[in-house]
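Here is a short briefing on one protein model. Please keep the sequence and the 3D view open while reading.

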Amino acid sequence: MTTPWPPLAELATKVRSGEVSSRELVADALARIDSIDPVLHAWVAVDADRALAEATQIDELVAAGNDPGLLAGIPLGVKDLEHAIGYVTSNGSLLHANDPPAVTDSVLVARLRAAGCVVLGKLNTPEYGFSADTTNAVVGPTHNPWQLGRSPGGSSGGSASALASGMVPLATGGDSGGSTRIPAALCGLPGFKPSNGRVPVGGPTPPGNGWLGVRSIMATTVADTLHAFGAVVGHDRTDLIGLPSPGDSWLVGLEPELPSRVIWSPAPGWAVDDEVAAVCAAAIERLAAAGVEVIEVDRFVSGIPLGDYFTAATVFQQRLHGHRRGTPEWALLDEGIRSQIDHADRQVTAAAFATALDAAHLHNFELEALFQTAPVLLCPTVAGQTARCGRYGTVNGEETIFATPFTQLFNLTKHPAASMPCGLTADGMPVGMQMVASQHDDLTVLRTMMAWEQLFAHDRRPAVTA
């Protein structure tokens, strides 16, 4: 069993000093991938020659006395929904499996590369990131390293599986409805969804999920998440919803801090599996024992925010793919995507879409009133037990499409949110706790993540590691 990766800051410092070469780190990552990915299937494509050549360029910069950047020499996996030079962006879709390789990087990948990262390849995702399970018709399912045959979640499931198993120390992610937080919860990782506009979604192509989606990075610790986040945050002129750059000192000196009080909702609007609920309740008891005042509520907002989210999300799918109806391409789309387009065609009027936008405003108004009571909201990240690959998760033994109903609200309202590990089920699968803070208050989420990681520290590792 290979040891976990050292902290990113430590690795990058060693590369900059010449103590360790980027080629050594990349070769280590490639060996880990060769060892374990035939079992987990997290990667869509890996180019060892290209990665080693890029690592050599980093080492040459160091030898010449130059600084490659904050993430000097760090091996990186890129979720296959965004461009990385030299790799096909398949989007997990038969429609794009044979596309030519990208000739430009996405804004996020470009920033990571400029900070010194070395791209190893592309990581698996459900088609166009539409699902909370990572499988598609191009390469099939990715497995959860905690137990083969179980889902790593989605849509950043390839990233989560590669990280949790130790294949790479850093990967890109994205979150349009929980796509970072859900895989993080199911794979025992920290998962951070920043405020919309914190990490740019600019570039020549409009974001596929409109304002619902954000770009982010994923790592195995909060410290690594913070370290890499510092390299990618900041305004880009091509991002219509971009936030102003916060300044170089924004994350410097950030310390762990539990809030003095939290709002806790055990099952905000949807049933939670009894065992998942018990793990989360035990975590809340531990939080209270640490001196945090817990204010319990039944719901965060009124109405059915998942319905509002679904209305908006299906319209975006219709906009992306509705024109394929009646063509040979229609049959190549996942049945789930086709059913969402059918729903938008038959059930969603322009007024209904506008009403969903209004609902986002109203939900935000209610949430911000709650944040006057406490700075952090908590609830289970996922309601159900971890699904089998290609299936839905279960609530008290019954499969349900509502196994992951708690993350989408905060994509509607654009709040910063995260998932942190809080325990394991009886069969050894991770359980995550979702934490949310007020508009643009990313730092409160990050401070809470740091403190939570200390409070719930453990040395348990997945069954399948590189």
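Across which strands does helix α8 lie? In this predicted model, helix α8 (residues 274–289) lies across β7, β8, β9 (376–380), β12 (417–424) and β13 (430–436). Its direction is at about 55 degrees to β13.

- Six strands form an open sheet: the 6 strands come in the order β5-β12-β13-β9-β7-β8, and the pairing is mixed.
- At the edges are β5 (191–193) and β8 (293–296), each of which pairs on one side only.
- From one strand to the next, the twist averages 30 degrees.

**Strand pairs**
- β7 (residues 261–264) and β8 run parallel and are joined by 4 bridges. Ile-263 has Ile-295 in β8 as its bridge partner.
- β5 pairs with β12 in the antiparallel sense, over 3 bridges. Here Gly-191 stands opposite Ser-419 in β12.
- β12 and β13 also run antiparallel, joined by 7 bridges. Met-420 faces Met-433 of β13 as its opposite residue.
- The β12 and β13 strands make a hairpin with 5 residues between them. In its turn, Gly-428 has a positive phi of about 85 degrees.

**Helix α13 and its partner α7**
- Helix α13 (residues 442–455) lies across β5, β9, β12 and β13. It runs at about 15 degrees to β12.
- Helix α7 (residues 222–232) packs with α13 at an angle of about 150 degrees, and the axes are 9 Å apart.
- Angles over 145 degrees count as roughly antiparallel, and α7 and α13 are therefore roughly antiparallel to each other.
- On the α7 side, Val-222, Ala-223 and Leu-226 make the contact. On the α13 side, the residues are Leu-446, Met-449, Met-450 and Glu-453.
- By class, this contact has 6 nonpolar, no polar and 1 charged residues.
- α7 is mostly covered, with 9 of its 11 residues buried. The buried residues include Asp-224, Thr-225 and His-227, along with Leu-226 and Phe-229.
- After α7 comes Gly-234, with a positive phi near 135 degrees.

**Nonpolar cores**
- In soluble globular proteins, nonpolar side chains tend to be buried together.
- The largest nonpolar core has 105 residues. Leu-71, Leu-170, Phe-300, Leu-378 and Trp-452 touch the most other members.
- Helix α2 (residues 22–40) gives the most to this core, with 7 residues.

- Leaving aside residues up to four places away in sequence, Leu-377 touches Ile-263, Phe-300, Leu-367, Leu-370, Phe-371, Gln-434, Met-435 and Val-436.
- Of these contacts, Ile-263 is the residue whose bridge partner in β8 is Ile-295, and Phe-300 is one of the core residues that touch the most other members.
- Leu-377 and Ser-260 are 117 residues apart in sequence. In space they are 12 Å apart, C-alpha to C-alpha.

Definitions and conventions: Residues are numbered from 1 along each chain as its sequence is written. This is a predicted model: local features need pLDDT of at least 70, side-chain atom pairs count only at pLDDT 80 or more; totals for chains, interfaces and linings use all residues. Side-chain values use heavy atoms; hydrogens and water are left out. Two strands pair if DSSP finds at least two bridges between them. Helices (H or I, at least four residues) and strands (E, at least two) are DSSP runs, numbered from the N terminus. Axes are lines fitted to C-alpha atoms, for helices over the stretch in contact, and angles run from 0 to 180 degrees between N-to-C directions. Contact means heavy atoms within 4.5 Å. A nonpolar core is a set of buried Ala, Val, Leu, Ile, Met, Phe, Trp, Tyr and Cys residues joined through side-chain atoms within 4.5 Å. Buried means under 20% relative accessible area, exposed over 50%, partly exposed in between (1.4 Å probe, protein chains only). Angles under 35 degrees count as roughly parallel, over 145 as roughly antiparallel, 65 to 115 as roughly perpendicular and the rest as oblique. Ala, Val, Leu, Ile, Met, Phe, Trp, Tyr, Cys and Pro count as nonpolar, Asp, Glu, Lys and Arg as charged, and the others, Gly among them, as polar.
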